[in-house]
Amino acid sequence: MCDGPGHMAQGGVEAILDTAVSSLVDNPDRTFVYADLAFFVKWWQELHEDSKAVVRQLVQQGRLEFTGGGIVQHDEANSHYSGMVDQMSIGMRFLQAEFGQAPHIAWQLDGFGHSRTEPLLKSMGGFEAIFFGRSDESDMQQRKANRSLELVWRGSEAYGSETDMFTSQYPTGNYGPPSMTWFFERRNNYAKPLADSIKDDPETGSYNVKEAVDMFVQKAKEWQGCVRGTDVFFFMGSDFTHSDARMWFNNVDKLIHYVNKDGRVNAFYSTPSRYLAAKRATPGLTLPLKTDDFYPYCGNTDGSDYWTGYFTSRPTLKGQVRRGWALLHAIHQVEVLAQLQPGSRQLATSRGMRYEGPQQASETVQLAYKLAPDNDPAVLEFALATSLHHDGITGTQCHHGGHHSATLRTGAERPPAAGIR
């Protein structure tokens, strides 16, 4: 969201999903993990029914796995808990309707710190684990030293162990491949003008299999020393990567093949659900307990990179979001008091809503109607859901991103008619 429209165009979601699904079909060993449903829903609505059947089969096989389940990965510091629940519910309704299942792995990779409200809400929603990337650097270094990067996080002292959640922090303090020499895609904003690749032809001068295998083994053993048990995982991808998923999968295929041929460690495709199952199956595994927040977040150990300004920056944006949720909740109350079924009358957020002017043809408005299976509520709810993105309500997005978010909410909050007709 911060890198601008050029970044998004370069890694278009349509190309990511098209090539990822095709690559999964080509090889039954491959897996792919997807979060943040806003763009997925748009892609899905334009998909042919035959292609939808293929995607549903991949989901049933556990090779295409949804994590998080929300429209976005929400910020946990500025967002009201009711907004977190609402934005998650939109995505979960969609997944239940289209795939007959909902995620049980929470996915908060890029948030700038984490609140214990997260395991509280997620445990109540049937989630079993939380994965995230960013954490205070000093805290992370200490956890690496005592092998506690993975832990049990308790969301509430009052509810006790009912809110306990397996929590895994990524050892890099961010997310992506453990080595940037495994970035199998050309991307200028990652300082990758040329795509990396596993070059396994000994007759060429660029043969690099041994270096890649040694690096893989080194990272696997290094990360094993940060957690308890014998299993570790690597993320192979990052923001808007896999615009040509074949490049990634073909190179990861080679990496797995040569690592296993070497024999020092065992490598294979996996998913967060499979990883959680492996951890639970580890004999005698005990994990430390945490009962407080992962706040504040500092990106280095000398205390010069605290991410705390976003608690108060862009106050107008934060105010718009809070007022918008208040309006939405008031609309819901009117629906209940009027004993309306979703979409049954011309309520402001129901099928009867009519836009006059630019919003009528807005792609965002059309997408909002597609997101909710019952079309109610749609426009305002979707605009507010996207605003809770960790680069949205925080104000950490670039200027045009913040302007776009504010425009969506202003348009959604001012329909020509806001009552029952």
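Predicted model: local features only at pLDDT ≥ 70, side-chain atom pairs only at ≥ 80, totals over all residues.
Residues are numbered from 1 along each chain as its sequence is written, and side-chain values use heavy atoms, with hydrogens and water left out.

The protein has 14 helices and nine strands; helices (H or I, at least four residues) and strands (E, at least two) are DSSP runs, numbered from the N terminus. Of its 421 residues, 52% count as buried, where buried means under 20% relative accessible area, exposed means over 50%, and partly exposed lies in between (1.4 Å probe, protein chains only). A contact here means heavy atoms within 4.5 Å. Among contacts with a separation of 6 or more, 73% link residues 24 or more positions apart.

Buried residues of α2 include Val13, Ile16, Leu17 and Leu24. The cover over the buried residues of α2 includes β1, α3 (37–45), α4 (49–60), β2 and α9 (245–262).

Helix α4 has 12 residues and spans 16 Å, close to the 16 Å expected. Its buried residues are Lys52, Val55, Leu58 and Val59. These cover an arc of only 120° around the axis, so they sit on the same side of α4; the arc is that of the directions from the helix axis to the C-beta atoms. Asp50 and Gln60, on the other side of α4, are exposed. An α-helix has 3.6 residues a turn, so residues three or four places apart point the same way. Among the elements covering the buried residues of α4 are α2, α3, β2 and α5 (81–99).

Helix α10 (residues 272–280) buries Pro272, Ser273, Tyr275, Leu276 and Lys279. Seen down the axis of α10, these fall within an arc of 160°, so they line one face of the helix. They pack against strands β1 (32–34), β2 (64–66), β3 (105–107), β4 (129–132), β5 (150–154) and β6 (164–169).

Next, the cores. A nonpolar core is a set of buried Ala, Val, Leu, Ile, Met, Phe, Trp, Tyr and Cys residues joined through side-chain atoms within 4.5 Å. In the largest one, with 58 residues, Phe40, Val55, Phe99 and Phe131 touch the most other members. Its largest share, eight residues, comes from α9. A second, separate core of 10 residues includes Met88, Met92, Phe127 and Leu151. Leaving aside neighbours within four places in sequence, Phe40 contacts Leu17, Tyr34, Phe66, Phe94 and Phe99.

Finally, Arg134 lies in the loop between β4 and α7 (137–145). Arg134 is buried, with a relative accessible area of 12%. Its side chain makes a polar contact of 2.6 Å with that of Asp110; such a contact is a pair of N or O atoms within 3.5 Å, where, within protein, one must be able to donate a hydrogen and the other to accept it, and residues adjacent in sequence count only if both atoms are side-chain atoms. Not counting residues up to four places away in sequence, Arg134 also touches residues including Phe112, His114, Tyr297 and Trp307.

Conventions: Expected span 1.5 Å × (residues − 1).
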